Amino acid sequence: MMKFRVLPALLFYFFSAASSEAAEDLKKAAAFNESAIVKVKAGDLDGAETDLLAGLEYSPENSKILKNLGAVYYEKGVRATQKKDLYEAEKKLKASLRIEPANERYSRALARAVSMQADARAKIGQNEEALELYKKAAQYDPKNASAWAQASNYAWLTQRLDLAREYLDRAKVLDPGDKNVLFLEEKLKKSSQEAQTPVLSSLHFILSAGSSAAAEKAGAQVLAGLEEAYNEVSYELNFFP
């Protein structure tokens with residue numbers, strides 16, 4: 001009879017100890033979260049990242065810590081983009097999206113970083129690589145008509161007219177009246193019948209079809225429109241105390 005009386009007492013002890021340990025872990029996680037917030041306000045993003053990762057060791061599914069870590073990765077990615085450290089930007093912004101896959105602010109920032117990588121490739125004539133990167137940028141920001149138009153442009157440049165039309169169709173659904181979309185649509189109609197592929201220049205989107213003043217003006221308008229679209233990246237940090 002004695003052992004039947006001892007067993008409930010032992011179970012109570014073990015449950016109490018486990019509960020106490022879990023509570024202590026939550027306190028430690030909360031302390032690391034608070035420390036990270038202080039460091040972010042002081043501009044120490046590396047220190048904040050370290051603290052948040054430490055907090056997750058004690059509370060791996062803590063939603064506040066995860067959201068804050070995503071915000072830190074986002075901020076570091078945006079700053080890396082501004083410094084043109086584009087591969088680091090891509091890495092951090094992908095990390096933020098892994099935490100919050102549906103966060104459109106994060107995906108737009110990632111699209112911009114990837115688009116800037118594409119610009120760099122286009123500038124040195126690596127048009128195939130530029131096309132793949134512009135396509136990735138459009139996939140990260142699928143509601144952006146300019147992103148799909150940019151991908152369509154480089155599909156055209158690499159003589160992939162079917163792909164160019166596919167991406168142009170995506171852009172037309174989003175913004176059928178966009179001047180870049182209308183300009184590309186006209187050029188694609190003409191190029192499908194031309195023996196010589198039109199020459200496209202500039203690191204973004206100038207489409208030159210001869211030396212006429214009208215063509216140069218149209219190309220300049222397209223470039224200006226895309227510059228404006230891709231430079232509108234606003235962001236803010238939202239921390240969860």
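1. In helix 6, the residues Ala-130, Leu-131, Leu-133, Tyr-134, Ala-137 and Ala-138 are buried, where buried stands for under 20% relative accessible area, exposed for over 50%, and partly exposed for what falls in between (1.4 Å probe, protein chains only). The cover over these buried residues of helix 6 includes helix 5, helix 7 (145–157) and helix 8, contact being taken as heavy atoms within 4.5 Å. Helix 6 covers residues 127–140, and its 14 residues, at 1.5 Å a residue, should span 20 Å, which agrees with the 20 Å between its end C-alpha atoms; the expected span is 1.5 Å times one less than the number of residues.

2. The model is a predicted one, so local features need pLDDT of at least 70 and side-chain atom pairs count only at pLDDT 80 or more, while totals for chains, interfaces and linings use all residues. Residues are numbered from 1 along each chain as its sequence is written, and side-chain values use heavy atoms, with hydrogens and water left out.

3. As for the overall layout, the secondary structure of the protein comes to ten helices and two strands, and from the N terminus on the elements run α-α-α-α-α-α-α-α-α-β-β-α. Helices (H or I, at least four residues) and strands (E, at least two) are DSSP runs, numbered from the N terminus. Of the 241 residues, 42% count as buried, and among contacts between residues at least 6 apart in sequence, 57% join residues at least 24 apart. The accessible surface comes to about 13,500 Å², of which 55% belongs to carbon and sulfur atoms, with areas taken from the Shrake-Rupley method with a 1.4 Å probe and, for residues, only the protein chains shown counting as cover.

4. Which residues have the most contacts inside the largest nonpolar core? They are Tyr-134 and Tyr-154, in a core of 37 residues. Helix 3, helix 4, helix 5, helix 6, helix 7, helix 8 and helix 9 each supply at least two residues of this core, and helix 7 gives the most, with nine residues. A second, separate core has twelve residues, among them Ala-48, Leu-52, Leu-56 and Tyr-73. A nonpolar core here is a set of buried Ala, Val, Leu, Ile, Met, Phe, Trp, Tyr and Cys residues joined through side-chain atoms within 4.5 Å. In soluble globular proteins, nonpolar side chains tend to be buried together.

5. The structure holds 16 salt bridges, a salt bridge being a side-chain nitrogen of Lys or Arg within 4 Å of a carboxyl oxygen of Asp or Glu. One of them joins the side chains of Glu-100 and Lys-67 (3.6 Å, N to O). Glu-100 lies in the loop between helix 4 (86–99) and helix 5 (104–123) and Lys-67 in helix 3 (residues 63–82), so this pair ties together parts that are 33 residues apart in sequence. Lys-67 counts as partly exposed, at 31% relative accessibility.

6. Another salt bridge is formed by Lys-172 and Glu-185, whose side chains meet at 2.8 Å, N to O. Because Lys-172 lies in helix 8 and Glu-185 in helix 9, the pair ties together parts that are 13 residues apart in sequence, and Lys-172 is partly exposed at 28% relative accessibility. Elsewhere, salt bridges that share partners join Asp-46, Glu-49, Lys-76 and Lys-92 into one network.

7. Arg-79 and Glu-75 also form a salt bridge, the closest N and O atoms being 2.6 Å apart. The two are four residues apart in helix 3, and therefore separated by about one helical turn. Arg-79 is partly exposed, with a relative accessible area of 34%, whereas Glu-75 counts as buried at 6% relative accessibility.

8. Asp-178 is found in the loop between helix 8 (161–174) and helix 9 (179–191), and counts as buried at 15% relative accessibility. A polar atom of its side chain lies 2.9 Å from the backbone nitrogen of Asn-180. The C-alpha atoms of Asp-178 and Ala-149, 29 residues apart along the chain, are separated by 9.6 Å.

9. Two backbone angles deserve a comment. Most residues other than glycine have a negative phi. Lys-84, although not a glycine, has a positive phi of about 65 degrees; Lys-84 sits in the loop between helix 3 and helix 4 and is exposed at 60% relative accessibility. Gln-159, also not a glycine, has a positive phi of about 65 degrees; Gln-159 lies in the loop between helix 7 and helix 8 and is exposed, with a relative accessible area of 58%.

Terms used. A polar contact is a pair of N or O atoms within 3.5 Å; within protein, one must be able to donate a hydrogen and the other to accept it, and residues adjacent in sequence count only if both atoms are side-chain atoms.
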